[in-house]
Amino acid sequence: MSLRRLIFIIYLTTTTFALFAQNTSKVFQKANTQFETLGYAKAIELYETALKKPKGATEEEIVKAKLNLALSYKLVKDYTNSERIYRETLSANPILKGDDIKAYRHFAQVLTSNGKFPEANQYWQKFNELQEQDKRGVEFIKLNSNREALERNAGSYRIEYVGINSSSADFSPVYYKKGLVFVSGRSANSGIRRVFNWDASSFLDLFYLEDLKAIGNESSGASAIGSSTQTPIQKTAPPSKKLGTDYYTPPTPNDAKTVGRKGNEYITGSKDLDYEENPTIPTEKFSKNLNSKYHEGPCAFFHDGSKIIFTRNSQIGGGGIFGQKKNATINRLKLYSAEFEDNDWRKIKEIPFNSNDYSCGHPTLTIDDKIMYFVSDMPGGYGGTDIWMTRYNNGEWTKPQNLGGAVNTRGNEMFPFIDERGNLYFSSDFHPGLGDLDIFFIPMNTATGMPSGKVRNIGAPLNSNKDDFGIITDSERQTGFLSSNRKRGGVDDDIYKFTRLGTLYGCRELVVNIYDNETKKPFDRIRFEYEIKGNATSRESAITSSLGTIKLCLEADNDFNFIVKQNGFQAETVSFSNKDASDYESSKLDIYLRKEIVVVDKNKKNKPAEIKAQTENDILVARRNGNPVSTIFRGIVTAGKDSTPIAGVKIKFINQCTGIAQEMITGSDGSYEFKRELNCDYILESFKENFGKSSELVAKVGEKRSIINIFRKKTPAPSVGSLFDTKLYKVGDVVKLDNIYYDSESYKIRKDAARELEKLVRTMQKNPNMIIEIRSHTDTRGNALDNLSLSQRRANEVVDFLVDKGVARARMRGVGKGESEPVNSCGDGVQCTEAEHQRNRRTEFKILSIERK
């Protein structure tokens with residue numbers, strides 16, 4: 001049994017069926033007792049026997065027993081038998097209620113691990129329909145429908161089975177000196193076989209491979225998953241070896257069991273059932289002082305090798321690690337530290353935040369030894385097991401902090417590893433993956449120790465449809481080790497070495513659609529180009545289908561430019577980034593091309609040929625570069641709230657050299673176009689009833705200033721500018737004031753808010769008939785009534801600021817909204833970062849009226 005099974009005890013004890021045994025027939029009571037006390041291996045044997053002749057049991061009791069049996073098989077990782085029982089039970093369409101509804105989710109997970117993805121989606125869908133809280137099925141359905149997305153980069157890695165593995169669980173390696181320390185259930189010829197009640201597997205100790213070179217020498221003959229040459233490892237196996245026990249073929253429902261020698265005859269792959277494997281590379285127990293009579297699990301070392309943090313279980317209610325309470329069934333994991341003295345590990349002591357009420361384990365340390373990440377089910381988490389962090393200050397560990405909802409879920413996150421660059425790896429059974437536990441990756445902020453990016457599944461072949469966890473690697477993922485039970489499933493965890501041969505990331509899909517902006521119809525087979533920003537050599541071309549669409553797979557985690565040029569239309573350059581895009585859902589990019597419109601000055605008496613030459617010249621200039629030296633100035637007016645083009649806007653383009661104004665009214669696409677003289681400044685003004693007024697400077701080319709359209713504008717220094725310099729806003733719009741944040745529990749305006757408030761002052765001055773409501777919000781921490789009062793003081797402070805700048809108080813109303821309208825999921829009781837809370841401490845204004853005189 002690996003320690004991840006043990007850590008499941010943390011939450012399963014809260015969802016077992018304690019009342020079931022009281023109401024069932026005696027024939028099932030022994031099995032129920034084993035199930036409720038987490039003795040799943042024995043429960044399986046008793047349920048299988050009892051269900052053959054369920055005398056006196058009701059139909060409801062039989063269904064309950066079968067669901068418990070199927071879940072027991074799942075928890076000991078025997079997905080073959082779990083599928084058999086779930087299929088038999090659920091195909092009869094029983095009416096499931098309450099916690100029993102989870103059987104659909106469990107069966108979907110089992111089917112996924114057994115590679116039956118379409119059927120798994122059917123049961124995910126049933127689970128989604130019957131409950132509202134757990135929505136993981138939605139994401140798993142998406143992934144199961146496009147699993148190739150996480151498999152397309154499989155050729156970039158070579159994976160090798162290494163010779164330190166045994167027929168017991170071997171997992172969670174960590175570098176130590178020139179070798180590896182890892183966790184194993186092997187007996188090391190002690191002559192004593194200690195068996196764990198969960199799945200009849202051995203207890204765990206720390207083992208040591210002194211020199212990694214032994215793996216290097218051995219791996220030339222190792223079997224490499226995903227490589228072109230595969231040479232099998234020599235291993236010891238019984239003569240009756242069956243199909244499904246090799247490295248790559250998991251057992252199937254068609255495989256028949258052979259006669260077992262030990263273990264549980266009902267569990268596929270039970271230890272010593274029909275399989276033996278002896279390590280080809282010698283290892284030894286790591287430390288007599290650290291290894292005890294119970295579990296020792298994943299560990300981490302200070303980088304100078306002077307200290308170790310390791311996981312150990314204690315028996316609850318026994319007064320210490322080696323408690324004497326014989327019937328104790330719940331084991332808590334705890335973190336311990338030790339120091340290396342006199343050639344062994346001494347001064348073993350508990351980490352202070354351990355508790356008999358929850359578990360802590362699976363430590364990893366940053367390269368400077370200042371932050372430890374670990375796994376716990378302590379209060380304040382999101383679900384089963386979460387990843388937490390603590391800092392090492394002056395020899396003491398600080399109060400743990402949850403990593404928040406970016407990492408943690410309602411499921412189980414465990415086995416964290418932090419690389420030298422501060423990137424976090426962990427395993428999860430809730431984030432969408434290829435099997436049960438998958439390995440995920442997220443960048444971290446090295447200053448705060450908190451997540452700073454998006455969680456990514458690292459994909460195949462590092463992940464499989466079985467358990468994958470306990471990874472260690474470098475910051476570029478060039479090489480490393482991971483743990484997996486992909487070879488035989490069940491409790492047969494093994495350690496694998498991997499080497500990256502290709503790109504770090506795969507590609508992410510993008511569907512590009514190109515339309516005529518006027519007709520909204522797609523172009524038929526239009527050619528375009530795209531490139532990675534800042535890398536002109538990466539430019540490629542593509543042609544859409546007759547429907548104006550094409551699916552591309554772009555190198556992940558990059559920014560791109562798309563360049564479209566079509567005769568009779570304005571050239572378009574559109575930016576796109578897939579850094580936050582989904583790995584398994586296609587992103588979408590719609591590009592709309594606008595027709596070239598040339599405005600001829602009617603006051604200028606050109607000959608027809610001259611007009612034609614001038615027109616063609618202007619079209620070509622504009623089409624070439626979109627561009628600061630064109631004599632045609634174009635743009636689009638958009639609504640400030642939703643950025644949609646708006647019609648009926650009166651536009652003035654005023655020449656500052658001559659005072660001559662050109663005017664036009666925007667059409668349905670919001671576009672406008674004027675002739676200009678390149679050596680003159682212009683003022684561009686926009687008017688529409690019930691909207692704010694927009695006014696901006698378009699600088700002459702002689703000053704080497706960019707031509708700015710309605711989307712991107714610059715105001716002449718030292719003017720601060722107006723909030724409406726980019727878009728028009730109407731009555732009822734709510735405009736967020738950027739950077740107007742407050743310190744926690746304070747209503748005083750910070751210095752970094754002054755510039756944005758100056759923009760609001762200018763906006764009010766340019767729109768003297770506009771009346772607004774200043775709205776202030778707090779984060780959701782603290783008392784709601786206190787927050788409401790605090791937000792009102794903040795709103796009043798902004799009003800006072802504007803009054804001091806000359807804005808009439810009668811034109812403003814301050815309203816405190818308290819914590820009632822957060823912009824994110826940081827509600828009461830939700831663990832959030834300080835940055836997430838600060839987003840809620842904000843100020844907005846709503847336009848109440850814009851009177852016209």
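Two strands are said to pair if DSSP finds at least two bridges between them, and helices (H or I, at least four residues) and strands (E, at least two) are themselves DSSP runs, numbered from the N terminus. The model is a predicted one, in which local features need pLDDT of at least 70 and side-chain atom pairs count only at pLDDT 80 or more, while totals for chains, interfaces and linings use all residues. Residues are numbered from 1 along each chain as its sequence is written, and side-chain values use heavy atoms, with hydrogens and water left out.

A careful reading starts with confidence, which pLDDT expresses for each residue on a scale from 0 to 100. The protein chain has an average pLDDT of 77, and 75% of the residues score at least 70. Over residues 218–263, however, pLDDT stays under 50, and the model has 99 contacts (heavy atoms within 4.5 Å) beyond four places in sequence for this stretch. Residues 703–726 also stay under 50, with 67 contacts beyond four places in sequence. Where pLDDT is low, the predicted coordinates should not be read in detail.

Four strands form an open sheet with mixed pairing, in the order 36-39-37-38. Strand 36 (734–736) and strand 38 (812–818) stand at the edges and have a single partner strand each, so one side of each is left without a neighbour in the sheet. From one strand to the next, the twist averages 25°, where axes are lines fitted to C-alpha atoms, for helices over the stretch in contact, and angles run from 0 to 180 degrees between N-to-C directions. Inside this arrangement, strand 37 (residues 770–777) pairs with strand 39 (residues 843–850) in the antiparallel sense over 7 bridges, and Ile 771 stands opposite Ser 849 in strand 39. Helix 12 (residues 754–766) lies across strand 37, strand 38 and strand 39, and runs at about 160° to strand 37. Helix 13 (residues 784–804) also packs on the sheet, where it touches strand 37, strand 38 and strand 39, and its direction makes about 155° with that of strand 38.

The structure also holds 2 disulfides, a disulfide being a pair of cysteine sulfur atoms within 2.5 Å. One of them is formed by Cys 507 and Cys 553, whose sulfur atoms are 2.1 Å apart; the torsion about their S-S bond is about 85°, so this disulfide is right-handed. The pair links distant parts of the chain, with Cys 507 in strand 23 (residues 507–516) and Cys 553 in strand 26 (residues 549–555), 46 residues apart. Another disulfide joins Cys 657 to Cys 680, and because the torsion about its S-S bond is about -115°, this disulfide is left-handed. Cys 657 lies in the loop between strand 31 (650–655) and strand 32 (661–665), and Cys 680 in the loop between strand 33 (671–675) and strand 34 (682–687), so the pair ties together parts that are 23 residues apart in sequence.

Some details of the backbone remain. Most residues other than glycine have a negative phi, and most peptide bonds are trans. Lys 77, which is not a glycine, has a positive phi of about 70°, and this residue is buried, with a relative accessible area of 4%; buried means under 20% relative accessible area, exposed over 50%, and partly exposed in between (1.4 Å probe, protein chains only). His 362 has a positive phi near 55° and lies in strand 11 (residues 360–365). Finally, a cis peptide bond joins Ala 460 and Pro 461, with omega about 5°.

How values were computed: pLDDT is the predictor's confidence in each residue, from 0 to 100.
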